[in-house]
Amino acid sequence: LVYVGTYRKYNEGSIFGEWIDLDKVYDYEELLEVCHKLHSDEDDPEFMVQDYQNFPRDFYSECLDEDDCDKIKAYLELGDQKEAYEAYVDATGDDDIERFLARYKGEWDSEEEFAEHIVEECYPEIADSTLGQYFDYQRFARDLFYDDTFWDGHVFHNY
């Protein structure tokens, strides 16, 4: 959601605007159409995003442009992965959603549980045999996380 007014109205002491749900607009062009209809009383309105909800502060801009809009829409499309994305940003400082999607491997209770998952997926003959009970998952997890990141239960490949 973004609350969109105009600079002219704001400078004249009015915060008239409306909340616009970015999930309901297709793209930046449609957002501009909605804003123009809302502020049709101005000849050439300069839109001012005065407030926001449901996306990270770093994505907010008073002068929302097409790149900002695309980034917010991509964030909103993450759905259940928003918490994982926020953990990724905390862990890496990188807010690129495409890189997050490429690097995110899922949620586990521990590094060792992730190591067990890898062995089960990639080496089922070890996991399903008596050899599996001798496999050192803790050591394997330690080696895995030389290159990967475990943050708040989320696993990210660092490649």
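Q: What pattern does the protein follow, read along the sequence?
A: The model is predicted: local features need pLDDT of at least 70, side-chain atom pairs count only at pLDDT 80 or more, and totals for chains, interfaces and linings use all residues. Residues are numbered from 1 along each chain as its sequence is written, and side-chain values use heavy atoms, leaving out hydrogens and water. Helices (H or I, at least four residues) and strands (E, at least two) are DSSP runs, numbered from the N terminus. Along the sequence, the pattern is β-α-β-α-β-α-α-α-β-α-α-α-β-β.

Q: How many helices and strands does the secondary structure of the protein come to?
A: Helices and strands both contribute to the secondary structure. The count is eight helices and six strands.

Q: What radius of gyration does the protein have?
A: The C-alpha trace spans about 75 × 25 × 20 Å along its principal axes. The radius of gyration is taken over C-alpha atoms, and the globule rule is 2.2 Å times the number of residues to the power 0.38. A compact globule of 159 residues would come near 15 Å, but the protein has 23 Å.

Q: How many bridges join β1 and β3?
A: Strand β1 (residues 2–6) is joined to β2 by three bridges. With β3, β1 also pairs in the antiparallel sense, and valine 4 stands opposite valine 49 there. The bridges between β1 and β3 number five.

Q: Which residue in β2 is the bridge partner of tyrosine 3?
A: β1 and β2 run antiparallel. Valine 2 has isoleucine 20 as its bridge partner in β2. For tyrosine 3, the partner is tryptophan 19.

Q: Which residues point the other way from Val2, Val4 and Thr6 in β1?
A: Buried means under 20% relative accessible area, exposed over 50%, and partly exposed in between (1.4 Å probe, protein chains only). Five of the five residues of β1 are buried. In a regular strand the side chains alternate between the two faces of the sheet. Val2, Val4 and Thr6 point one way, and the other way point Tyr3 and Gly5.

Q: Which residue of β6 stands opposite tyrosine 104?
A: β4 and strand β6 (residues 154–157) pair in the antiparallel sense over three bridges. β5 and β6 pair in the antiparallel sense over four. In β6, the bridge partner of threonine 149 is phenylalanine 156. Opposite tyrosine 104 stands phenylalanine 156.

Q: Which residue takes a positive phi in the hairpin of β5 and β6?
A: The hairpin has two residues between the strands. The positive phi is near 50°. The residue is aspartate 152.

Q: Within what arc do the buried residues of α4 fall?
A: In α4, Ala84, Tyr85, Ala87 and Tyr88 are buried. Seen down the axis, they fall within one arc, so they line one face of the helix. The arc is that of the directions from the helix axis to the C-beta atoms. Its value is 160°.

Q: Which exposed residues does the face of α4 turned away from its buried side carry?
A: The buried residues of α4 pack against α3 (66–76), α5 (97–103), β4, β5 and β6. The face turned away from them carries Glu83 and Asp90.

Q: Which residue takes a positive phi just after α4?
A: The phi is about 80°. The residue is glycine 93.

How values were computed:
Two strands pair if DSSP finds at least two bridges between them. Contact means heavy atoms within 4.5 Å.
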